[in-house]
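Subject: Structure for your review

Dear colleague,

Please find below the structure that I am handing over to you. My findings follow it.

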Amino acid sequence: MLSISCHSKCAFEAIFNFGDSNTDTGGFYAAFPGQNGPFGMTHFKRPSGRASDGRLIVDFLAQALGLPFLSPYLQSIGSDYHHGANFATLASTVLIPNTSLFVSGLSPFALPIQVNQMKEFKSRVEEFNSSGSSILPSQDIIGKSMYTFYIGQNDFTSNLAAGIGGVQQYLPQVVGQIAGAIKEIYGLGGRTFLVLNLAPVGCYPAFLVELPHNSSDIDEYGCMVSYNNAVVDYNKMLRETLAQTRTSVPDASLIYVDIHSVLLELFQHPTSHGLQYGTKACCGYGGGLYNFDPKVYCGNTKEINGSTVTASACSDPQNYVSWDGIHATEAANKLSVQAILNGDYFDPSFPLQELCDLQPIG
């Protein structure tokens with residue numbers, strides 16, 4: 001476990017992130033260019049490869065630790081890996097998909113591939129250091145880093161067509177694969193792991209529109225009870241699996257991070273946190289309760305019933321939890337990280353504020 005010296009502002013000199021679109025800072029679009037506006041409109045003022053109007057949870061976490069934004073591992077132009085790397089890509093799953101991106105829409109960069117990329121990164125760090133190059137960080141970076149995981153949502157949602165029962169049969173494999181990835185990175189020298197659980201997808205505008213449900217399945221906050229209950233079951237399984245995994249990584253900090261509770265609170269009580277809309281998308285088409293139409297996704301223009309329509313962004317994303325029906329706004333991401341940094345959502349407790357002189361996130 002890490003201790004902080006009096007000469008350092010933070011015990012963590014880098015972040016290595018594994019995930020999907022919730023934390024992808026440009027990896028997918030480095031591999032498959034083509035992101036358009038209005039993505040990135042709030043902070044970057046242009047598409048930045050992020051599935052949001054602005055910054056993501058991993059951006060705010062890096063900012064709080066006094067680190068620069070993470071460069072995507074797949075981005076060959078303009079990247080700097082001295083303070084970590086981001087292996088996350090949009091549409092990534094924990095389990096390796098049995099079909100291609102162009103058939104299923106799932107990324108080829110599943111968690112086992114991301115872990116292999118981390119192994120390759122470590123090998124290149126050792127190689128460059130032995131030759132005296134300073135292009136990459138020093139070899140001791142591996143043990144001085146935070147390893148973050150926010151992945152599993154696509155394993156859950158991509159199987160929902162088979163019903164909740166169809167999803168649940170995969171969940172033990174999913175949590176087992178996450179545990180295996182942690183053990184592998186522990187073997188490389190990683191010692192601090194933050195694993196975010198699954199968000200309440202039953203509150204997502206896209207799924208409220210697309211998934212079959214009865215009105216009796218909608219709770220007082222407008223979320224689907226059955227799907228959110230299935231998420232709770234998954235999160236319990238993940239929490240228990242991480243507890244078991246701790247015996248295999250005895251001198252590591254393996255922390256379960258309850259992002260689910262944070263986001264559920266934002267969806268249920270947006271106005272209590274300076275927001276206005278919970279289950280309505282900022283960027284979408286159709287208006288109404290959800291402002292989401294699966295036929296025309298955020299930023300796209302399509303012909304529907306003889307009319308050309310565009311799924312455009314609202315002018316006030318700072319008032320929304322949901323950016324595009326699936327992903328959170330910068331405002332929601334910032335509120336989520338502020339809540340996490342307080343330490344109330346760590347299991348077991350983790351003295352992040354003692355290990356780091358946390359910087360304010362703007």
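Four helices, α1 (27-31), α3 (101-104), α5 (153-157) and α8 (205-210), each contribute at least two residues to the lining of the largest pocket. Please note that this is a predicted model. Among the contributors to the lining, α5 has the largest share, with three residues.

The volume of the largest pocket is about 750 Å³. Its lining comprises 29 residues, of which L90, A91, Y297, I326 and H327 are the closest to the centre. By residue class, the lining consists of 14 nonpolar residues, 14 polar residues and one charged residue.

A second topic is the aspartate D258, which is located in the loop between β5 (253-257) and α10 (259-268). Which side chain of opposite charge is nearest to D258? The answer is R239, at a distance of 5.2 Å. D258 is buried and has no salt bridge, because a salt bridge requires a side-chain nitrogen of Lys or Arg within 4 Å of a carboxyl oxygen of Asp or Glu.

R239 itself belongs to helix α9, which spans residues 225-245. Whereas D258 is buried, R239 is partly exposed, its relative accessible area being 38%. R239 and D347 are 108 residues apart along the chain, and their C-alpha atoms are separated by 8.5 Å.

Yours sincerely,

A colleague

Notes:
Residues numbered from 1 in each chain as written. Predicted model: local features only at pLDDT ≥ 70, side-chain atom pairs only at ≥ 80, totals over all residues. Heavy atoms only, no water. 1 Å grid on protein atoms, 1.4 Å probe; cavity = no way out; pocket = protein on both sides within 12 Å on 5 of 7 lines; lining within 4 Å. Points joined across faces, edges and corners; volume = space filled by probe spheres on them. Nonpolar A, V, L, I, M, F, W, Y, C, P; charged D, E, K, R; others polar. Buried < 20%, exposed > 50% of the residue type's maximum accessible area, 1.4 Å probe, protein only. Lys, Arg positive; Asp, Glu negative; His and termini not counted.
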